Amino acid sequence: RRQPFGGEASCVAFRLSGLDVGRLSCPAHLSTRSAPAAMSFWDIPGMRAGVVTGDAAWGLLQHAKANGYAIPAINCASVSTVNAVLEAGNKLNRPVMVQFSEGSSAFFAGKSLPNDGGVLQASILGAVAGAHYVRNVAPAYGIPVLVSTDRCAKNSLPWLDGMLVADEAFFNAYGEPLFSSHALDLSDGTIGAKYLQQVKPMKMIMELGFTCTPEDAPNICQQLSPISKMFTVTATEMQLERMGKFQKCVGEGNPLFFAFHGGLETKASKQDLLTAVSNGMVKMSVDTYLLEAEPYMAKRVMQSCADVRNVNENVQVAPDLCVDACWLSPEQKAALKKTADAMSAPGKGFLAADESAGPWLRAGHEGAAKIADTAENRAAYRAMCFTTPGLSQYISGVILHWETLFQSDAAGQKMVDLITKNGMIPGI
């Protein structure tokens, strides 16, 4: 077997990015990959289909840097987004990285759940549930997958602490952490060193961000490398031109491993991306949008892989993603068209009912001014308006104030139901 590329001397970096080695091999009846041995990254000791962690994860980042490619880390907020990332990796037969941010983690668990400041229980639950989901389905896609988390700010450390509890429990049960890597968005080297020490027994990759000059970088590396070699450096597109100088100040052979954030995939040119890869970028975070349809998302992930050379030799990815792709499914497009047609029906218009104070106060009548501006009176006035017989002959949609959106009349009927029953569309 070929040894992992780079050796320990090349493992110094400011950021930790890791891969989680799956414990189960890919079931033959589920995987579309029949000959993984032909892939060069499969020669990394411990590499297999599914989530990879520890030495295998770090070896994959070493392999990426030595072979001139990076791995896109896709921020996922739903099962369909995770599936799209795995589908893209399967189609390219290349490793991918599923990433959870604090916000996307809460969305994964459900936005109705409490997510109190200083606790962040929904973000913890969503990230842990997402990592377990990836572990269960990733082997079926037949490719190595890294499960990482996006940068954690100081006021969000309870989120990281909660995930580390899950990592340690998983490690005690199965000998490896739940996640492949975590990331800190801090300029405090003491806190970074503390967390690097905490994850060291689990062989996790930590992604660390520091504010320093290239000349300061060697001192920081000397402080962190005795704790663990498995950390990477967070960078942004603003630091693109300084990457080479950082590398030269630390040592020969590009010893740093960079992880890029801040929308580099949309803000940088293709040449900038290739320059970043040549200067040690091994991970590039990619944002997603909640309404992206799964087929479109898979194509976009494939394009991101191609942009940072995470493709096999002679493989071409069609750049015209928007030609036959849409964020909406056919069913969603049909529903949207039906709503638009109803709202723009000939001879009809909108009723602007988004007032915050009692609208009768604008009438300029002495009697109107005597009516108290209370929630009960506003509800009575609105209900009277929305239930006017024949109103929908002239009104297609009603624009609401936020209070009205959640308000009921005296009989307990919701305002939005009064509007729809009278043949109009509520909106805000």
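What covers the buried residues of helix 1 includes strand 2 (71–75), strand 4 (144–152), strand 6 (205–208), strand 7 (231–236) and strand 9. Contact here means heavy atoms within 4.5 Å. The model is predicted: local features need pLDDT of at least 70, side-chain atom pairs count only at pLDDT 80 or more, and totals for chains, interfaces and linings use all residues. Residues are numbered from 1 along each chain as its sequence is written, and side-chain values use heavy atoms, with hydrogens and water left out.

**Helix 1**

Helices (H or I, at least four residues) and strands (E, at least two) are DSSP runs, numbered from the N terminus. Helix 1 covers residues 54–66. Among the buried ones are Trp-58, Gln-62, His-63 and Lys-65. The expected span is 1.5 Å times one less than the number of residues. For helix 1 that gives 18 Å, and the end C-alpha atoms are 18 Å apart, which agrees. Gly-68 follows the helix, with a positive phi near 70°.

**Cores**

A nonpolar core is a set of buried Ala, Val, Leu, Ile, Met, Phe, Trp, Tyr and Cys residues joined through side-chain atoms within 4.5 Å.

| Core | Residues in core | Named members |
|---|---|---|
| Largest | 77 residues | Val-98, Phe-100, Val-134, Phe-179, Leu-184, Met-281 (touch the most other members) |
| Second, separate | 21 residues | including Leu-60, Leu-61, Ala-64, Leu-146 |

Leu-60, Leu-61 and Ala-64 are also among the buried residues of helix 1.

**Lys-283**

Lys-283 lies in strand 9 (residues 281–286). Its relative accessible area is 0%, so Lys-283 is buried. Its side chain makes a polar contact of 3.0 Å with that of Glu-207. Such a contact is a pair of N or O atoms within 3.5 Å; within protein, one must be able to donate a hydrogen and the other to accept it, and residues adjacent in sequence count only if both atoms are side-chain atoms. Met-97 is 186 residues away along the chain, yet the two C-alpha atoms are separated by 8.6 Å.

Three strands form an open, parallel sheet in the order 10-11-12. Strand 10 (349–353) and strand 12 (425–427) each have a single partner, so one side of each lacks a neighbour in the sheet. Neighbouring strands are turned by 25° against each other on average, direction ignored. Strands pair if DSSP finds at least two bridges between them. Strand 11 (residues 395–400) is joined to strand 12 by three. Ile-399 stands opposite Gly-427 in strand 12.

Helix 12 (residues 330–343) lies across strand 10, strand 11 and strand 12, at about 100° to strand 12. Axes are lines fitted to C-alpha atoms, for helices over the stretch in contact, and angles run from 0 to 180 degrees between N-to-C directions.

Key. Buried < 20%, exposed > 50% of the residue type's maximum accessible area, 1.4 Å probe, protein only.
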